[in-house]
Amino acid sequence: VERVQASAERCSRAVLAALADAVPAVSAIALRALQPLPPTVAERITDYRAHNVADWVMYRQALADAATARGWAVHWYDPKTVNVAAAAALGLPSLDGHLKATAAIAGRPWQADHRQALAAAIAALGPAR
């Protein structure tokens, strides 16, 4: 677990450095909220639910830490409410029309994870100005 965590931290720093080089205007990232876990590795291994999500939590936390170290803001989102938050940020009653218009521009593939990522980015930006 310690070797994987160290690798996740190292790789997160490297990939965000590459992103910053490619897209210098990045100042924030949006990540799905972390699921709560038992406090120790031993408890996480024996708890079935924790055992299944601990790696996701580790990788997201490594990305968050690397982003924070770069001075970027980290916005945590709830996948169940992110579309509502994004619609509110845009001043729209629903995000559906915006997602459909974006899908028409983006083309295939345009799947649920792409829609969620877009909604999270919009919500992270906050209210429309």
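The model is predicted; local features require pLDDT of at least 70, side-chain atom pairs count only at pLDDT 80 or more, and totals for chains, interfaces and linings use all residues. Residues are numbered from 1 along each chain as its sequence is written, and side-chain values use heavy atoms, with hydrogens and water left out.

Helix α4 comprises residues 82–90, and its buried residues are Val 82, Ala 86, Ala 87 and Ala 89 (buried: under 20% relative accessible area; exposed: over 50%; partly exposed: in between; 1.4 Å probe, protein chains only). Viewed down the axis of α4, these buried residues fall within an arc of 160°, so they line one face of the helix; the arc is that of the directions from the helix axis to the C-beta atoms. They pack against β2 (73–77) and α6 (112–125), where contact means heavy atoms within 4.5 Å. The face of α4 turned away from the buried side carries the exposed residues Val 84 and Ala 88.

## Helix α1

Helix α1 covers residues 2–22; at 1.5 Å a residue, its 21 residues should span 30 Å, and the end C-alpha atoms are 30 Å apart, which agrees. The expected span is 1.5 Å times one less than the number of residues.

Ala 8, Ser 12, Leu 16 and Ala 20 are buried in α1. Their arc around the axis is only 90°, which puts them on the same side of α1. The cover over the buried residues of α1 includes α3 (48–69). Arg 3, Asp 21 and Ala 22 are exposed on the other side of α1.

## A nonpolar surface patch

Val 1, Val 41 and Ile 45 make a nonpolar surface patch of about 260 Å². Patch residues have over 30% relative accessible area and no salt bridge, with nonpolar side chains (Val, Leu, Ile, Met, Phe, Trp, Tyr) joined within 5 Å and like charges within 9 Å; a salt bridge is a side-chain nitrogen of Lys or Arg within 4 Å of a carboxyl oxygen of Asp or Glu. Val 41 lies in helix α2 (residues 41–46) and counts as partly exposed, at 40% relative accessibility.

## The chain as a whole

The protein chain contains six helices and two strands, in the order α-β-α-α-β-α-α-α from the N terminus. Helices (H or I, at least four residues) and strands (E, at least two) are DSSP runs.

Of the 129 residues, 24% count as buried. The C-alpha trace spans about 45 × 35 × 30 Å along its principal axes.

Terms used. Areas by Shrake-Rupley, 256 points an atom, 1.4 Å probe, with all protein chains shown as cover.
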